[in-house]
Amino acid sequence: MPWIDTHCHLDAPEFDADREAVWQRARAAGVTVGVLPAVQAAHFEGVRELAHRLGLAYALGIHPLCVGTAADADLEVLRDALARHRDDSRLVAVGEIGLDWFVPGLDRARQERFYIAQLKLAREAGLPAILHVRRSADGLLAGLRRIETAGGIAHAFNGSAQQAQAFVERGWRLGFGGAMTFERARQIRELAATLPETVPVLETDAPDIPPQWLYRNAEQRARGEFARNEPAELPRIAQTLAQLRGWSLEQTAARTAANASAALPRLRALLEPA
Ligand SMILES: [Zn+2]
């Protein structure tokens, strides 16, 4: 069963010691493709090289949490990189871009400016986008109403049913991962269970958003207990989606792979056996 991790940050320093082994474990667990979203301009070439080295897909973009330290000129760096790698079949989206209205102290106006500018670059490149949503679904939707794009994935979706519906009506897929494995995540589980079957895609967001079985509370973390999420967890995370939807694992793999390829069409070529 081919699983697709539509969102994993394998370039993160948490994987410096064992990146290759982490991806080998994912392969052994049946994860055939991962999508690496870049978070800042300085990482673009590194993410691209890593994707080529490990046989993964990648996206280029400036993350809303990195906008504070990004230079305005980084938007030009992004435009140049998208043009330079236009014919690279592993470049599947513009991302990770979006808005974070949860983390205190961020410059909202600057985030919005970078978000809109990057939506325009996605449109210009004819690529879908990968969106970061945190308390910001309405702001993201406002941008999508202004800038007509090729759609994509709202990753680790955490908005309301109404907001989810608005993304779905615009042709977007929504990403589900570790958060869905917690019983208390009622709203996310309800969405995962009830959205049209053409909507959910799977992701780990590794090394972040550990599923319930890897979760460590603040006290445990202070004692040095480990809680790194990795792509090899995806099939187990998928079991939660299968249970919530009443799907077999085979159906879950096939459906979510089809949804991921519909959202990021360049994935299709990467999924075909060589
Ligand atoms: Zn991310």
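1. Glu96 is found in strand β4, residues 91–100. Helices (H or I, at least four residues) and strands (E, at least two) are DSSP runs, numbered from the N terminus. The peptide bond that leads from Gly95 into Glu96 is cis, with omega near 15°. This is a predicted model, in which local features need pLDDT of at least 70 and side-chain atom pairs count only at pLDDT 80 or more, while totals for chains, interfaces and linings use all residues. Residues are numbered from 1 along each chain as its sequence is written, and side-chain values use heavy atoms, with hydrogens and water left out.

2. A cis peptide bond also joins Ala206 and Pro207, where omega is about 5°. Pro207 is found in the loop between β8 and α8. Ile209 lies in the loop between β8 and α8 as well, and has a positive phi, near 45°, although Ile209 is a residue other than glycine. Most residues other than glycine have a negative phi, and most peptide bonds are trans. Ile209 counts as partly exposed because its relative accessibility is 29%; buried means under 20% relative accessible area, exposed over 50%, and partly exposed in between (1.4 Å probe, protein chains only).

3. Arg135 is another non-glycine residue with a positive phi, about 55°. Arg135 sits in the loop between β5 and α5 (137–146). With 60% relative accessibility, Arg135 counts as exposed.

4. Thr204 is placed in the loop between β8 (200–202) and α8 (218–222). Its relative accessibility is 0%, so Thr204 counts as buried. The side chains of Thr204 and Asp5 are joined by a polar contact of 2.6 Å. A polar contact is a pair of N or O atoms within 3.5 Å; within protein, one must be able to donate a hydrogen and the other to accept it, and residues adjacent in sequence count only if both atoms are side-chain atoms. A polar atom of the Thr204 side chain also lies 3.1 Å from the backbone nitrogen of Ala206. Neighbours within four places in sequence left aside, Thr204 is in contact (heavy atoms within 4.5 Å) with Asp5, His7, Cys8, Ile209, Asn229, Glu230, Pro231, Leu234 and Ile237.

5. The largest pocket has a volume of about 1100 Å³. On a 1 Å grid over the protein atoms alone, a pocket is an open set of points where a 1.4 Å probe fits, with protein on both sides within 12 Å along at least five of seven lines; lining residues have an atom within 4 Å of a point. Grid points are joined across faces, edges and corners, and a volume is the space filled by probe spheres set on the points. The lining comprises 41 residues, of which Arg134, Ala156, Asp205, Asp208 and Ile209 lie nearest the pocket centre. Two or more lining residues come from each of β5 (129–134), β7 (173–176) and α7 (186–194), and β5 gives the most, with three.

6. By residue class, the lining of the largest pocket divides into 19 nonpolar, 11 polar and 11 charged residues. Here Ala, Val, Leu, Ile, Met, Phe, Trp, Tyr, Cys and Pro count as nonpolar, Asp, Glu, Lys and Arg as charged, and the others, Gly among them, as polar.

7. Which residues touch the most other members of the largest nonpolar core? Of its 75 residues, these are Leu10, Leu36, Leu60, Tyr115, Phe167 and Leu174. Helix α4 (residues 108–125) supplies the largest share of this core, six residues. A nonpolar core is a set of buried Ala, Val, Leu, Ile, Met, Phe, Trp, Tyr and Cys residues joined through side-chain atoms within 4.5 Å. Not counting residues up to four places away in sequence, Tyr115 touches Ile97, Gly98, Leu99, Leu131, Gly139, Leu140, Gly143 and Leu144. A second, separate core has 15 residues, including Ala57, Val201, Leu264 and Leu267.

8. Arg113 is also found in helix α4. At 41% relative accessibility, Arg113 counts as partly exposed. Its side chain makes a polar contact of 3.2 Å with the side chain of Asp72. Arg113 and Val67 are 46 residues apart along the chain, and their C-alpha atoms are separated by 9.6 Å.

9. Leu249 lies in helix α10, residues 249–263. Leu249 is partly exposed, with a relative accessible area of 29%. Apart from neighbours within four places in sequence, Leu249 is in contact with Met1, Trp3, Ala238, Gln239 and Ala242. Leu249 and Leu50 are 199 residues apart in sequence and, C-alpha to C-alpha, 30 Å apart in space.
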